[in-house]
Each structure stands twice: as structure tokens, then as C-alpha cells.
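Hello, and thanks for passing this one along.

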Amino acid sequence: MEHRRLPEITYQLHLRITRPLTVVVGRLGEVDLPAGEYLYTGSAKKHMDARIARHLRRDKLLRWHIDYLTSHPDVEVVGVKRSVIPECALNQAVAGEVVVPGFGSSDCRHHCGAHLKRIG
Ligand SMILES: [Zn+2]
């Protein structure tokens, strides 16, 4: 019997915000983020390596909400995990607090509130 691995289609970025920030995040406008640890959940059905490499680069065109954080000098990406679990299920399994409603969840249809959560 052939055993195929499920494809990794989602990822989580563990972010560390080293001081309280006020950042303009595209159309969300100005948002306040307390210092702390955050998890951002995203999906990349193709080109996962390139997507993650992009998140780890500070210098880039600001396209997604998360870009406004990953390009910021006071935000560090301290970990990256990949998963086979669909984006919203993965995000909803994170025990954390939505600080910025709508962040990263413009096309979310599962009522996540945001795809960025502040964690313990
Ligand atoms: Zn969602």
C-alpha cells in the first residue's frame, strides 16, 4: 500500500515584538501592538519556501498585513513551522488573543477574527 504524505499548505510565524508599537498596516490603518509573542498563521499552497524566505526578509514591497510587521526593526521572526492542517483550523487551535481584528484574515471565511494572535 502506498503511503503519501499530505502536502504542507500552511505555516505559522512566531513573532517577537520587542517594544509596544504603533504601526500603520495598509488599509487597517494605525494599529497598536503590545510587546510580546505572537503567532501569525498563513497559507501557501504553492512556493512555500519562497513565501517563508520572503517573510524572513525585511526589505520588500509591503503587500500583506504581515509585511508591515516582518519589515519592522522592532519585530523579529523567532520561529517558523509548517503544517498540513488548513489555515483557519490551525489558527483556531492557537490559544491566544486577537489584538487587531481583521489582521491577516481579509479572505477568512471561518470567523477567526484575525490570523495574528498574541500568545501567552
Ligand atoms: Zn480564518
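1. What percentage of the 120 residues of the protein count as buried? The value is 27%, where buried means 20 or more other C-beta atoms within 10 Å of a residue's own, exposed means 12 or fewer, partly exposed lies in between, and C-beta atoms are placed from the backbone. Please keep in mind that this is a predicted model: local features need pLDDT of at least 70, side-chain atom pairs count only at pLDDT 80 or more, and totals for chains, interfaces and linings use all residues. Residues are numbered from 1 along each chain as its sequence is written.

2. Overall make-up. The protein has three helices and seven strands, taken as DSSP runs numbered from the N terminus (H or I of at least four residues for helices, E of at least two for strands). Along the sequence they follow the pattern β-β-β-β-α-α-β-α-β-β. The radius of gyration is 14 Å, close to the 14 Å of the globule rule for 120 residues, so the protein is as compact as a globular protein of that length. That radius is taken over C-alpha atoms, and the rule is 2.2 Å times the number of residues to the power 0.38. The C-alpha trace spans about 55 × 30 × 25 Å along its principal axes.

3. The sheet. Five strands form an open sheet in the order E5-E1-E4-E7-E6, with antiparallel pairing; two strands pair if DSSP finds at least two bridges between them. Strand E5 (75-83) and E6 are at the edges with a single partner strand each, so one side of each has no neighbour in the sheet. E1 and E4 are joined by eight bridges, and arginine 16 has glutamate 37 in E4 as its bridge partner. Helix H1 (residues 48-56) packs on the sheet, where it touches E1 and E5, and its direction makes about 165 degrees with that of E5. Such angles run from 0 to 180 degrees between N-to-C directions, with axes fitted to C-alpha atoms, for helices over the stretch in contact.

4. Around E7. Strand E4 (residues 36-43) and strand E7 (residues 116-119) share four bridges, and tyrosine 40 stands opposite leucine 116. On strand E6 (residues 96-97), which pairs with E7 over two bridges, glycine 96 faces isoleucine 119.

5. The core. The largest nonpolar core has 17 residues, and Leu15, Ile17, Tyr38, Tyr40, Phe103, Ala114 and Leu116 have the most contacts inside it. Strand E1 (10-17) and E4 are the elements giving two or more residues to this core, and E1 gives the most, with four. Such a core is a set of buried Ala, Val, Leu, Ile, Met, Phe, Trp, Tyr and Cys residues joined through C-beta atoms within 7 Å. Beyond its neighbours within four places in sequence, tyrosine 40 is in contact (C-beta atoms, placed from the backbone, within 7 Å) with residues including Leu15, Ile66 and Leu116.

6. Two backbone angles to look at. Which value does phi take in histidine 47? Phi there is near 55 degrees, a positive value in a residue other than glycine. Histidine 47 lies in the loop between E4 and H1 and counts as exposed, with 10 C-beta neighbours inside 10 Å. Histidine 111, in the loop between E6 and E7, also has phi near 55 degrees; this residue is exposed, with 8 other C-beta atoms within 10 Å. Most residues other than glycine have a negative phi.

Conventions: Contact = placed C-beta atoms within 7 Å.
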